[in-house]
Amino acid sequence: MQKSHQTYVNRLKELLAEDLPGINSHMKMVPSIRQREIEKQKWNMNAKKAAVLICLYPGENGSICFPLIRRNEYDGVHSGQISLPGGKFEEHDENLIQTATREAEEETNIRASQLEILGTITPVYIPPSNFIVQPVIAWASEKPEFIPEQSEVAEIITVSLTDLTSENARQLKNIPHREYSAIDVPCFYIHRNIIWGATAMILSEVVEILGSLTQLRSHE
């Protein structure tokens, strides 16, 4: 690992052990039709557990990247959406970190043995599917050999942290919606991809944490 990457990863790991931005950062990316529900944190006591993986790895020219996936079209609430690799907690999983790494390996071929777990961030509740999702952040010292799981993943999309934190990354887009003809959604618009919903909420918290990291580095 480059020394600069090692320093960055070490600082990020420290930040993840401190107080997190939490729901305040999530709310910046919540469509207006969901805001009241999310603000009140009306989690169903029987909500299903899931986890997703933010797998950071060194990209070109000193960048740090992570993969997103575009899900296949299917008859479900998240059909065709862009998300982080991950899925439902299974009884044989030791914990939600294992859920995240197991699902990421199944969907994208990211090997758990490649990963250093840096920490977790604030869980997100998804009302339409009644899931509470735990995001897990990990570091791979080399770019994984991505292989999409064809039955679930239509495409693997590479995003850099610079893409995520750029000035024009956050936008408002009007999109088709299964409950309405169309809705305006706050989103990350990266490489012509609209990233919205729970994934955008998770990434919004990541952006705020990275902002704190940048401030720390500027005072070195």
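**Overall architecture and local features of the predicted model**

Of the contacts in the protein chain between residues at least 6 apart in sequence, 65% join residues that are at least 24 apart. The structure described here is a predicted model. The protein chain contains six helices and 11 strands. Of its 220 residues, 49% are buried. The accessible surface of the protein chain amounts to about 11600 Å², and carbon and sulfur atoms account for 45% of that surface.

Confidence in the prediction was examined next. The average pLDDT of the protein chain is 88, and 85% of the residues score at least 70. Residues 216-220 have a pLDDT below 50; in the model this stretch makes six contacts beyond near neighbours in sequence. Where pLDDT is low, the predicted coordinates should not be read in detail.

The largest nonpolar core comprises 43 residues. Within this core, the residues that touch the most other members are Ile54, Leu56, Phe66, Ile137 and Phe188. Helix α6, which spans residues 198-218, supplies the largest share of the core, with 10 residues. The surroundings of Ile137 were listed without residues up to four places away in sequence. On that basis, Ile137 touches Leu12, Leu16, Ile54, Leu56, Glu116, Ile117, Leu118, Gly119, Ile121 and Val206. Two of these partners, Ile54 and Leu56, are also named among the residues of the largest core that touch the most other members.

Phe188, another of the residues named for that core, stands opposite Ile195 in strand β11. Strand β11 belongs to an open sheet of three strands, in the order β9-β10-β11 and with antiparallel pairing. Strands β9 (170-176) and β11 (193-195) are at the edges of the sheet. Each of these edge strands has a single partner strand, so one side of each is left without a neighbour in the sheet. From one strand to the next, the twist averages 55°. The pairing between β10, which covers residues 182-190, and β11 is antiparallel and extends over three bridges.

When neighbours within four places in sequence are left aside, Ser25 is in contact with Ser204, Glu205 and Glu208.

Most residues other than glycine have a negative phi. Asn61, however, has a positive phi, near 55°, and Asn109 likewise has a positive value, near 75°. Both residues lie in loops: Asn61 is in the loop between β1 (48-58) and β2 (64-71), and Asn109 is in the loop between α4 (96-108) and β5 (115-120). Their accessibility was also computed. Asn61 has a relative accessibility of 83% and so counts as exposed, whereas Asn109, at 12%, counts as buried.

Technical notes. Residues are numbered from 1 along each chain as its sequence is written. This is a predicted model: local features need pLDDT of at least 70, side-chain atom pairs count only at pLDDT 80 or more; totals for chains, interfaces and linings use all residues. Side-chain values use heavy atoms; hydrogens and water are left out. A nonpolar core is a set of buried Ala, Val, Leu, Ile, Met, Phe, Trp, Tyr and Cys residues joined through side-chain atoms within 4.5 Å. Buried means under 20% relative accessible area, exposed over 50%, partly exposed in between (1.4 Å probe, protein chains only). Helices (H or I, at least four residues) and strands (E, at least two) are DSSP runs, numbered from the N terminus. Contact means heavy atoms within 4.5 Å. pLDDT is the predictor's confidence in each residue, from 0 to 100. Accessible areas come from the Shrake-Rupley method with a 1.4 Å probe; for residues, only the protein chains shown count as cover. Two strands pair if DSSP finds at least two bridges between them. Axes are lines fitted to C-alpha atoms, for helices over the stretch in contact, and angles run from 0 to 180 degrees between N-to-C directions.
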